[in-house]
Amino acid sequence: QVQLVESGGGLVQAGGSLRLSCAASGRTFTGYSMAWFRQAPGKEREFVASITWSRGTTYYADSVKGRFTISRDNAKNMVLLQMNSLKPEDTAVYYCAVRKIGNSEYDSWGQGTQVTVSS
């Protein structure tokens, strides 16, 4: 059973940085894609970034391109999200998720970590 545990959220001023971590366990992730999503109060959950476990191919939402960087540490089974130049609109609960490449849906999710950016 896949388990995903996020950490690293907190309160930061606009323009600041945070690094989120997602510890993944329960299987080998070769052939999988790992992603970060976020959900702000009153809004739908939205895609932030993803990375393929084997090749490290990355994708980003337009709203975070140039500010956020997703990476993975295969040895530690961790996915990281470096967030720079944070804006108040980045405030949300951030979730780590995983899907098998070829599947359309992410089917394993973490519990989320709160990121709050003050103006």
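This tour moves from the nonpolar core to one strand, its neighbours and a disulfide. The model is predicted, so local features need pLDDT of at least 70, side-chain atom pairs count only at pLDDT 80 or more, and totals for chains, interfaces and linings use all residues. Residues are numbered from 1 along each chain as its sequence is written, and side-chain values use heavy atoms, with hydrogens and water left out.

Select Met34, Trp36, Leu81, Met83 and Tyr94: of the 29 residues in the largest nonpolar core, these touch the most other members. Such a core is a set of buried Ala, Val, Leu, Ile, Met, Phe, Trp, Tyr and Cys residues joined through side-chain atoms within 4.5 Å. Buried means under 20% relative accessible area (1.4 Å probe, protein chains only). Strands supplying at least two residues each include β4 (32–39) and β9 (92–100); strands are DSSP runs of E, at least two residues, numbered from the N terminus.

Next, select β9. Here 7 of the 9 residues are buried, so β9 is largely enclosed by the rest of the structure.

- β4 runs antiparallel to β9, with 8 bridges; Ala35 stands opposite Ala97.
- β11 is also antiparallel to β9, over 3 bridges; Ala92 has Val115 as its bridge partner.
- β10 (residues 108–109) joins β9 through 2 bridges, again antiparallel; Val98 is partnered by Ser108.

Finally, select Cys22 and Cys96. Their sulfurs are 2.1 Å apart in a disulfide (cysteine sulfur atoms within 2.5 Å). Cys22 lies in β3 and Cys96 in β9, so the pair ties together parts 74 residues apart in sequence. Both Cys22 and Cys96 are buried.

Note on methods. Buried < 20%, exposed > 50% of the residue type's maximum accessible area, 1.4 Å probe, protein only. Helix = DSSP H or I, 4+ residues; strand = E, 2+ residues; numbered from the N terminus. Pairing = 2+ DSSP bridges.
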